[in-house]
Amino acid sequence: MIRFEKVGKRYPGGIAALSALDLAIETGEMIVLSGHSGAGKSTLLKLIPAVERPSEGAVIVNGQNVAALKRAAIPFLRRNIGMVFQDQKLLFDRNAFDNVMLPLAIAGVATRDAGRRVRAALDKVGLLDRERAMPVALSGGEQQRLAIARAVVARPSILIADEPTAHLDDGTAADIAAMFHAFNQVGVTVLVATHHEALFAPYMTRRIGLSRGRLAA
Amino acid sequence: MKGWLLQHRQASAQAFRRLASTPLNTLLGALVLGIALALPAGGEMLLANFQRLAQRIAATPQISVFMALDATKKEVAEVESRLRKHPGTREVKLVPREETLRRLKESEGLGEVIESLPRNPFPDAFVVVPGDESPAALEAMRSEFAGYPRVEHVQLDSAWVKKLDALLRLARLAVGLLAVVLGVALVAVTFNTIRLQILTQAEEVEVSRLLGATDAYIRRPFYYFGALQGLAGGAVAWLAVLGATLLLRLPVGELASLYGIDFSLHILPLSDSILLFALAAWLGWAGAWLSLIRHLSEN
Ligand SMILES: Nc1ncnc2c1ncn2[C@@H]1O[C@H](COP(=O)(O)OP(=O)(O)O)[C@@H](O)[C@H]1O
Ligand SMILES: [Mg+2]
């Protein structure tokens, strides 16, 4: 369902973040992406929802070459991909409920239906009792769970997460890893870039190692 | 269709929230726009009233025929009978010089001045209502009456009506120009407000894009913001003009009654009010549109 074909990515003026990358990920997999800092993990993840465009090669998502996608088509690609960002990107001017509502509002889901789905997503990450809380009032682990709820509320078929357990204590990090496992169990294809390989090891279908922008053991 | 409605409802609600989240800025913005719009709107209110007044006065053209000051009663009677017999006149009314003097003596302010005059400065006069109101017929009568013996001066009321009309047209042009200039100012103000809004909302815009928002979705609340701010400015302008109208109504009515005219200042006509609100909203929208082109990044 996701295929990288001879993908290269060079940032303006920088060195190659990814080089001649070939990769195929099947529906329902749970991939752990590992590698040293600067290996190209974030870059690889960003190519899937076309947050970054490859300098060469093709990135095929659900049969579509994302690299050649017209600008106007990108929003509709992204609505099918849940993203947990390294810096979370929560909106601090609204409460937990409204943060999770955002993807549904963007997709034009009718209000009443959307409210039900927002609560279901908050329930899955254990934040149902905090729906009125502002993000600043949430702990680090709660903020991360909120970010996950927002990523899954629109029921994407692909979920990508960049360092979702960074800065979390071990217990909380383990909870988060189990949560990704739960989404994978219901058929979501999951890609996680992480330094905490061991946490995800029990759940992953495959580990992909990156080193200096190339596949590594 | 339903989704479209929903998106617009959400966008307008969002614009409302953004306006409400900075009430002081919103109020100041509305005041600035409102004062700018109040000038042409107030001008339009005055013009509409003047036009109403002019139309009423000009409804029946009259010819005033003034006799020489030393014309005898016999000479006046002579002219009167000629005027009455003239086929072009429908109504002839003699205004004796004594009556004019008496009427002005009674009027406020002028009374004492008139009283102090050594002799009656007013001539006998006729007010003639013509049968044929065409400008050519009026002009022909004017020159004919001027040739009657002891007639000093003939005045066509349509002449000053024409002048008033030209004056009103000029005033209308001035109000139009003022509206254009201040309309541009309104667009400029909105342009800047939306620029600041885009900066304030940069994070939300970025996150929304990552979550699959289209350009239209991103832009919509800004358009509503601009239009709503324009509308608020329009409302301020409308209220300002309403206030001015009510304040001026009494003194203007008193002034008019001095001239024997029953006239009261009307508020901005409905069509002009609608135009004011529509224009204000549209200009705000246009300012937002320009600002989005200039300031909203593509990514
Ligand atoms: N926006 C960017 N502009 C320039 N260089 C970048 C940018 N993002 C990442 N890089 C560079 O690309 C390489 C890979 O980065 P990244 O994909 O973030 O690696 P990782 O997530 O594995 O740490 C690094 O050398 C990094 O400095
Ligand atoms: Mg990274």
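Helices (H or I, at least four residues) and strands (E, at least two) are DSSP runs, numbered from the N terminus. The model is predicted, so local features need pLDDT of at least 70 and side-chain atom pairs count only at pLDDT 80 or more, whereas totals for chains, interfaces and linings use all residues. Residues are numbered from 1 along each chain as its sequence is written, chains are lettered from A and ligands numbered from 1 in the order in which they are written, and side-chain values use heavy atoms, with hydrogens and water left out.

**Figure 1. Chain A as a whole.** The secondary structure of chain A comprises 7 helices and 10 strands. With a radius of gyration of 17 Å (taken over C-alpha atoms), close to the 17 Å of the globule rule (2.2 Å times the number of residues to the power 0.38), chain A is as compact as a globular protein of its 217 residues. The C-alpha trace spans about 45 × 40 × 35 Å along its principal axes.

Figure 2. At the start of α3(A), a side-chain oxygen of A:N95 comes within 3.1 Å of the backbone nitrogen of A:F97. After α3(A) comes A:G108, with a positive phi near 75°.

**Figure 3. An open sheet in chain A.** Four strands, in the order β2-β1-β4-β5, form an open sheet with antiparallel pairing (two strands pair if DSSP finds at least two bridges between them). Strands β2 (16–25) and β5 (64–65) of chain A stand at the edges with a single partner strand each, so one side of each has no neighbour in the sheet. Strand β1 (residues 2–10) of chain A pairs with β2(A) over 6 bridges. A:R10 lies opposite A:A16 of β2(A).

**Figure 4. The surroundings of ligand 1.** Residues with a heavy atom within 4 Å of ligand 1 include A:Y11, A:H36, A:K41 and A:T43. Helix α1 (residues 41–47) of chain A gives the most to this shell, with 3 residues.

**Figure 5. Polar contacts of ligand 1.** The pairs shown are N or O atoms within 3.5 Å. Oxygen atoms of ligand 1 lie 3.2 Å from a polar backbone atom of A:A39, 2.7 Å from a polar side-chain atom of A:S42, and 2.5 Å from an N or O atom in the side chain of A:T43.

Conventions. A polar contact is a pair of N or O atoms within 3.5 Å; within protein, one must be able to donate a hydrogen and the other to accept it, and residues adjacent in sequence count only if both atoms are side-chain atoms.
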